[in-house]
Amino acid sequence: MRKVGLLILVAVVGIGAGYTVRAGLARIASARLHVKAEAAPQPRSASTDAKTPVIRFVKNPEMAPSLPERDISGAPLSLANWSGKVIFVNFWATWCPPCREEIPELVALQKQYGSDLQIVGISEDDGPAAGVLKFAKQSGINYPIVMATPEVIAAYGGVPALPTTFVIDTQGRVVEKHAGLHPMASYVREIRALLGQPVDARIETYEDTGQLFLKNAANATELPGVNLDGLTPEQKKAALHRLNAESCTCGCALTLSQCRVNDTECPVSGDMAAKVVKEVVRGGKPVRSRVPRTSKPPES
């Protein structure tokens, strides 16, 4: 199993306590989603803009990578069949506590927006699909699940934590990614915004420099934990080139730039990146030209 930096952002409540607890969580999540979805947006004044929630979508989004043709139950599956819907591609695993905590709310979310939303789970379990299918039935999961493959992981990439959810718009383009647990109210805002419905939030856009797809880390001019201050434009260009060309040795199979974006706490890529910058600075210093030695003039 590849290395996954598991983010446990919220303590798990009631895992393993039985289906009654899960059903209760689902009812609570469903009620909360319903109230949020039906609430009419309130007029805003300039003084309240600072408190207004923000929705962030990537500029010039890329088309979503394809998924396996069948889910774990054997049913056919295709992103093309969900055209016109908002799609959530949710990477998770049965052994992941935050993932298990998130499931009841995702179930409620799918039920609430069934005709406009399609969630699909990508299981990163090492065990057989039969075990994941059994867990899905016991948990009341109402959306399709596929087993992660090396091809799917490589195509999406940038999964620094479980759960991680890629948000896809109605045209099949990836517009956002959320690593770790994410507030359901924020998901509701994103769904409504992508469906063209009123939202009590403002929308901002940003360039993808690895936040969505790690391959785009090559476009970054700054990297987490890498100090490029004081470098000349030429040195900075040379340092970024090396950081995007050289591989991290921590076992992630990523470039140094990708590892810094994917795992900002990785000490290996941090040390290697700092070394690269020092070598670039040292090699970029002007070299003194050597003046040929001449014989001393004869003494008079």
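Of the 55 residues that make up the largest nonpolar core, those touching the most other members are F88, V89, F91, L109 and Y156. A nonpolar core is here a set of buried Ala, Val, Leu, Ile, Met, Phe, Trp, Tyr and Cys residues joined through side-chain atoms within 4.5 Å, and buried stands for under 20% relative accessible area, exposed for over 50% and partly exposed for what lies in between (1.4 Å probe, protein chains only). The model is a predicted one, in which local features need pLDDT of at least 70 and side-chain atom pairs count only at pLDDT 80 or more, while totals for chains, interfaces and linings use all residues. Residues are numbered from 1 along each chain as its sequence is written, and side-chain values use heavy atoms, with hydrogens and water left out.

With neighbours within four places in sequence set aside, F91 is in contact (heavy atoms within 4.5 Å) with I122, E124, V152, Y156, V159, L162, P163, T164 and F166. Another core lies apart from the largest one; it has 19 residues, including L243, C248, C266 and V276. In soluble globular proteins, nonpolar side chains tend to be buried together.

Helices (H or I, at least four residues) and strands (E, at least two) are DSSP runs, numbered from the N terminus. Helix α6 covers residues 233-245, and its 13 residues should span 18 Å at 1.5 Å a residue, which agrees with the 18 Å between its end C-alpha atoms; the expected span is 1.5 Å times one less than the number of residues. Buried in α6 are Q235, A239, L240 and L243. These residues lie on the same side of α6 because they cover an arc of only 130° around the axis, the arc being that of the directions from the helix axis to the C-beta atoms. The other side of α6 carries the exposed residues P233, E234, K237, H241 and A245.

The cysteines complete the picture. A search of the whole structure finds one disulfide, defined as a pair of cysteine sulfur atoms within 2.5 Å. This disulfide joins C96 to C99, with 2.4 Å from S to S, and the link is right-handed, with 80° about the S-S bond. C96 is buried at a relative accessible area of 0%, and C99 is buried at 2%. For C248, the closest cysteine sulfur is that of C250, at 3.5 Å, so the two are too far apart for a bond.
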